[in-house]
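Biologist: Before we discuss this model, could you put the structure on the screen, so that we can go through it question by question?

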Amino acid sequence: MIDRVQFSLSAADIPRAWYNLAADLPDLAPPRHPASGRAITSDDLLAIVPEELARQELTLDREVEIPEPVRQIYARWRPSPLIRARGLERSLGTPARIYYKYEGVSPTGSHKPNTAIAQAYYNKQAGITKLATETGAGQWGSSLALAGALFGLDVSVYMVRLSFDQKPYRQMLMQTYGARCVASPSTETETGRAILARDPDSPGSLGIAASEAVEIAANDPATNYAGGSVLNHVLLHQTVIGQEAIAQFAMADDYPDVVVGCAGGGSNLGGLAFPFLGAQLSGGRSVHVIAAEPASCPSMTQGTLAYDFGDTAGFTPLLRMYTLGHGFIPPPLHAGGLRYHGMAPLVSEAVAQGLIEPVAVAQTACFAAGVRFARTEGIVPAPESTHAVEVAIREALRCREEGVSRTILFGLSGHGHFDLGAYEDYLSGTLRDGRFEADKMTAALAELPDV
C-alpha cells in the first residue's frame, strides 16, 4: 500500500479572498510620512501605486476579495501541493510528521507570482503602462517580468549587483519575459550614481535597489513602483499559501504544531503563517511560528524595533519594523532574497507580540540542510528556502530527542535550479558563512529618522 505524500486541491478551491492579519493586530503602528511624521493616507501613496493597492496597504478589513482575472491566472499553478516529507522523516529517524508547502510549481519557480500577478492586474486597470522594481536573487524580478508580459506592461528591474553577478540565468529569464534587468547600484538614477561615487565596487543591497526603483516611479507619471515584499498589501496577496495549507491539512486529518518560514522581508513567511495565526487569534488551535533569518543579516534577532525607511535613500514612508538601519549593507549571501535591512511591519508586530519566534541560522548549515533535503525528497531548494529546511530539521530532531511526535510545516518557497552555482560552492568546500558586523549596524542605527 502506497503511503500518501501529496495533498492536492482543485482549481475550484483557490481562495476567493486574501486574509489580512492587520485586522487582528489592533495595535499595529501606521506607516508615517517621512517629512511630517503624520500617519500616511492612501492619497500619499498614489504617486507610485494605484488606488486599490494604496487602499489595501492601509485597510483593516479582515478579507479582501481576489479579482476573478487574478484567480484565473492563479489556476495555472495553484493550488500548490502540500507534501509529506516521508523521506526526510526517515533520514532523521524522527517521530515528527514533516510537511512542506511547495511554491516552486509556479512558472518562475517561487511564491512571488502570487503578488506579482495581483499588482500587475491593478496597475493595468489603473491605466499604468510601466512598472519599476528591485530584486535580490531574482525570484521577484522574474515574477514581475512574467506578470508584465501577461498584462502588457513594460517592466524595469533593478537587481542587486551581488546577485546580478551570481545569477546570470535569472537575468536571462527576466529578459525572456520581456523585462529590462539593470545591475544596482546603477548610473540610471541619482541614488545609484551617488552610491557609486562613494563606492565604485558596491555589492548593492535590496534597500539601494528599492531606492532606484522608487526614484524612477516617482519621476515618471507612466511608471508605478511594484514591491516584492515588506509592504502590507504584498503579504496580503501571499496568504493564498496558508489558506490552501489549512484546507490541505484537513484532507490529511492533521494540523501543524510548528510552522516555519524563511524570512528576509516577510512575504513567504507571512503568506504561509498568517492564516494559521488568524485562526489562532479567532479561537482556533495555537501554532508555534518560527521565522528563519540569515545570521549575517539578522534584522529580528539583532536589530531594533523602530520607525525606519524601507529603502536606503529615504524615499519611502517610515515603517515601524525590526531594522538594522536603512544604511546597513549586509555581507555577501547566496540567499539574496533575504539580504534586506528590515522586516515587514506585520511580521515585526507579530514578533513583538510573541506570535512569531525569530531564529538566525548560518549559511553553511542551511546549505547542508538543503543538500539533505534534495537527497531525501528530490527537490533542490532555493538558498532562501534552505533556512526554513534547516530550522524544520532542528525541530524534528528535537522531537526525536524528547520522544514526542509533533507536526511540522515549513514553506518551500522556491526551487534552486537557478542557484546551482551556490551549491557548487558548498559542495566544493569553498562556501563560507558571512560575518555579521555589529559595528556597522550600530552606525546605521544611529541614522534612524527621529519620529
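Biologist: Which helices each supply at least two residues of the lining of the largest pocket, and which of them gives the largest share?
Modeller: This is a predicted model, and in it the largest pocket has a volume of about 240 Å³. Of the 13 residues in its lining, those closest to the centre are Asp44, Ile48, Phe315, Thr316 and Pro317. Helices α1 and α10 (206-218) each supply at least two lining residues, and the largest share, three residues, comes from α10.

Biologist: How many cavities of 30 Å³ or more does the structure hold, and which residues are the closest to the centre of the largest cavity?
Modeller: The structure holds two cavities of 30 Å³ or more, and about 640 Å³ of space lies in the largest cavity. Two or more residues of the lining of the largest cavity come from each of α2, β6 (130-135), α6 (139-151), α10 and α13. Of the 43 residues that line this cavity, the closest to its centre are Glu134, Gly227, Gly228, Ser229 and Val230.

Biologist: Is Val230 buried or exposed?
Modeller: Val230 lies in the loop between β9 (223-225) and α11, and it has a positive phi of about 70° although it is not a glycine. Its relative accessible area is 9%, and since the cut-off for a buried residue is under 20%, Val230 counts as buried.

Biologist: And Asp253, is that residue buried or exposed?
Modeller: Asp253 is also not a glycine and has a positive phi, here of about 55°, and its place is the loop between α12 and β10 (258-262). Its relative accessibility is 72%, and the cut-off for exposed is over 50%, so Asp253 counts as exposed.

Biologist: Why are the buried residues of helix α2 said to be on the same side of α2?
Modeller: In helix α2 (residues 51-58), the buried residues are Leu53, Ala54, Gln56 and Glu57. An α-helix has 3.6 residues a turn, so residues three or four places apart point the same way. The buried residues of α2 pack against β2 (17-19), α1 (42-45), β3 (63-65), α5 and α11 (232-238). They are placed on the same side of α2 because they cover an arc around the axis of only 160°.

Biologist: How many aromatic pairs are there, and is the pair of Tyr74 and Trp77 stacked or edge-to-face?
Modeller: With ring centres within 6.5 Å as the rule for a pair, the count comes to 13 aromatic pairs. The rings of Tyr74 and Trp77 have their centres 6.0 Å apart and their planes at 70°. Tyr74 is buried at 0% relative accessibility, and Trp77 is buried at 8%. Since planes over 60 degrees apart count as edge-to-face, the pair of Tyr74 and Trp77 is edge-to-face.

Biologist: Where is the peptide bond cis with omega about -5°, and where is the one with omega near 10°?
Modeller: Pro79 lies in the loop between α3 (68-74) and β4 (82-84), whereas Pro185 lies in the loop between β8 (180-184) and α9 (190-198). The cis bond with omega of about -5° joins Arg78 and Pro79, and the cis bond with omega near 10° runs from Ser184 to Pro185.

Key
Residues numbered from 1 in each chain as written. Predicted model: local features only at pLDDT ≥ 70, side-chain atom pairs only at ≥ 80, totals over all residues. Heavy atoms only, no water. Phe/Tyr/Trp six-rings, centres within 6.5 Å; stacked < 30°, edge-to-face > 60°. Buried < 20%, exposed > 50% of the residue type's maximum accessible area, 1.4 Å probe, protein only. Helix = DSSP H or I, 4+ residues; strand = E, 2+ residues; numbered from the N terminus. Arc of directions from axis to C-beta. Contact = heavy atoms within 4.5 Å. 1 Å grid on protein atoms, 1.4 Å probe; cavity = no way out; pocket = protein on both sides within 12 Å on 5 of 7 lines; lining within 4 Å. Points joined across faces, edges and corners; volume = space filled by probe spheres on them.
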